[in-house]
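Subject: Structure handover

Hi,

Here is the structure I promised to pass on. My notes on what turned up follow below it.

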Amino acid sequence: MEKVPDPRSPRGRWYPLSCILTICACAVISGARTIEETAEWGQRATDVLLEAIGTRPHPLRWRRSPAACTIDRVQGIDADALDAAVCAYLADRHRSTIEDNNSGEETEPAHEAIALDGKALKGSARIDQPRRHLLSALTHHPPLTLAQTEVGAKTNETRHFLPLLDGLDLAGRVVTCDALHTVRDHLKHLVENHKAHYVAVVKTNQPTLHTQITALPWEELPLAHTRSEKGHGRRESRSIKVMGVADSLGGICFPHAKLAVRIHRRRQETGKKQTRETVFAVTSLDAHQATPAELAALVRGHWVIENSNHHIRDVTFGEDASTVHTGSAPRAMATLRNLAIGVLKVAGADNIAKTTRAIRDLPEHALLFFGIGYKPDLSGT
């Protein structure tokens, strides 16, 4: 956080920016949705916690957390710098987790996947301004945000595809994307310049590619992998067929495409009619680099981002209902929510909502998730 420039005037500063941002991060991970709730979290913190956070002491040695108006003054913060700092922190936590999980193992880890997906901040819209729209790059498991940028509108996502990913180390990784980002030059750039692989969904926005992939002799192929799941009042089954492009009739004219994939999904919800959907995709992975089950998991992992990140931000942290709209505050709050989800997932929290409720009234627990140590005050015991 020290690398994020302070937007406030140097005159009259009492709270360091790093202190305010740490309080905001701890408040968000405790379930705070507004600036007022963030300030209330600081008011519940003890002097010992405020000292650990970095709050300056008064000459009379007592400490006080920043008020809501003080926190509101940092709404002009450099959102790009804040995103860079948070994403670098999450990337480091993710790297440490992988190293810990693979310690002592001789087997190679599975393909590490990064999903590219956009999200609108619905509550940020006003009569004179459209809603903010963010494009993010997230790891599949756990869903940690490695890069994020504001694109203005969903239609602007494609031109931010490469600038967002160019700052990441993608060598050997698999980038998954929906049909909006299935662009020839972009995916060619990933393979040739970043030494990465891609799994890209194909729809009618790429008419030539869609016609080619749907015309392949899929009916002649047996099912390569199937999987069924049930829970939350629904039953879902998925089957996948994989075809080598070089061996297929007519082939596919797409840069570095090695395999074509067809996934058929069936979903039955209690009391509703069964739905069926067929999804096509292309990938630069070859048959010896990924099994049909692994390809199905990569596509599934991209779909799961909607529930493992976006749904949590909207429902648990109330992002769509948030009316914060001034300056860079909407994006900054989204960044802090990404940070909260990331550290909770790394810590092994399966139910984010339950975890935030558990630490809501215990401010000292929030600091532990960020590795901030403190010594409890035992003088009153």
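Strands β4 (residues 174–177) and β5 run parallel and are joined by 4 bridges. In that pairing, C177 stands opposite A200 of β5. Please keep in mind that this is a predicted model.

How much of β5 is buried? The count is 6 of the 6 residues, so the strand is largely enclosed by the rest of the structure. In a regular strand, side chains alternate between the two faces of the sheet. Both faces of β5 are covered. H197, V199 and V201 are buried on one side. Y198, A200 and V202 are buried on the other.

Aromatic pairs

How many aromatic pairs does a search of the whole structure find? It finds 2. One is Y198 with F254, in an edge-to-face arrangement. Their centres are 6.2 Å apart, with 75° between the planes. This pair links distant parts of the chain. Y198 is in strand β5 (residues 197–202), while F254 is in the loop between β7 and β8 (259–269), 56 residues apart. Y198 has 0% relative accessibility, so it counts as buried. F254 is at 7% and counts as buried too.

W218 and F280 also form a pair. W218 is buried at 3% relative accessibility. F280 is buried at 11%.

Charges over rings

The charged end of R56 is over the ring of W14, 3.9 Å from its centre. R265 lies over the face of W303, 3.7 Å from the ring centre.

The β6–β7 hairpin

Strands β6 (residues 225–231) and β7 (residues 234–244) pair in the antiparallel sense, over 7 bridges. T226 stands opposite S239 in β7. The hairpin has 2 residues between the strands. In it, H232 takes a positive phi near 55°.

Helix α9

Helix α9 (residues 292–315) has 24 residues. From first C-alpha to last it reaches 34 Å, close to the 34 Å expected at 1.5 Å a residue. Where does α9 bend by about 35°? The bend is at V304.

The buried residues of α9 include L295, L298, V299, H302, I305, N309, I312 and R313. An α-helix has 3.6 residues a turn, so residues three or four places apart point the same way. L298 is found in this helix and counts as buried at 7% relative accessibility. L298 and S96 are 202 residues apart in sequence. In space, their C-alpha atoms are 22 Å apart.

Helix α10 (residues 329–346) has 18 residues. Its span from first C-alpha to last is 26 Å, close to the 26 Å expected at 1.5 Å a residue. Is α10 largely enclosed or exposed? Of its 18 residues, 16 are buried, so the helix is largely enclosed by the rest of the structure.

A347 lies in the loop between α10 and α11 (352–359). A347 is partly exposed, with a relative accessible area of 49%. The C-alpha atoms of A347 and F370 are separated by 9.9 Å, and the two residues are 23 apart along the chain. G348, which follows α10, has a positive phi near 95°.

Cysteines

A disulfide is a covalent bond between the sulfur atoms of two cysteines. How many disulfides are there? The count comes to 0. C19 is in no disulfide, and the nearest cysteine sulfur, that of C24, is 9.4 Å away. C19 is buried, with a relative accessible area of 0%. The cut-off used for a disulfide is 2.5 Å between the sulfur atoms.

Best wishes

Terms used: Residues numbered from 1 in each chain as written. Predicted model: local features only at pLDDT ≥ 70, side-chain atom pairs only at ≥ 80, totals over all residues. Heavy atoms only, no water. Pairing = 2+ DSSP bridges. Expected span 1.5 Å × (residues − 1). Bend = angle between axes of the 7 residues up to and from the residue. Buried < 20%, exposed > 50% of the residue type's maximum accessible area, 1.4 Å probe, protein only. Phe/Tyr/Trp six-rings, centres within 6.5 Å; stacked < 30°, edge-to-face > 60°. Lys NZ or Arg CZ within 6 Å of the ring centre and 35° of its normal.
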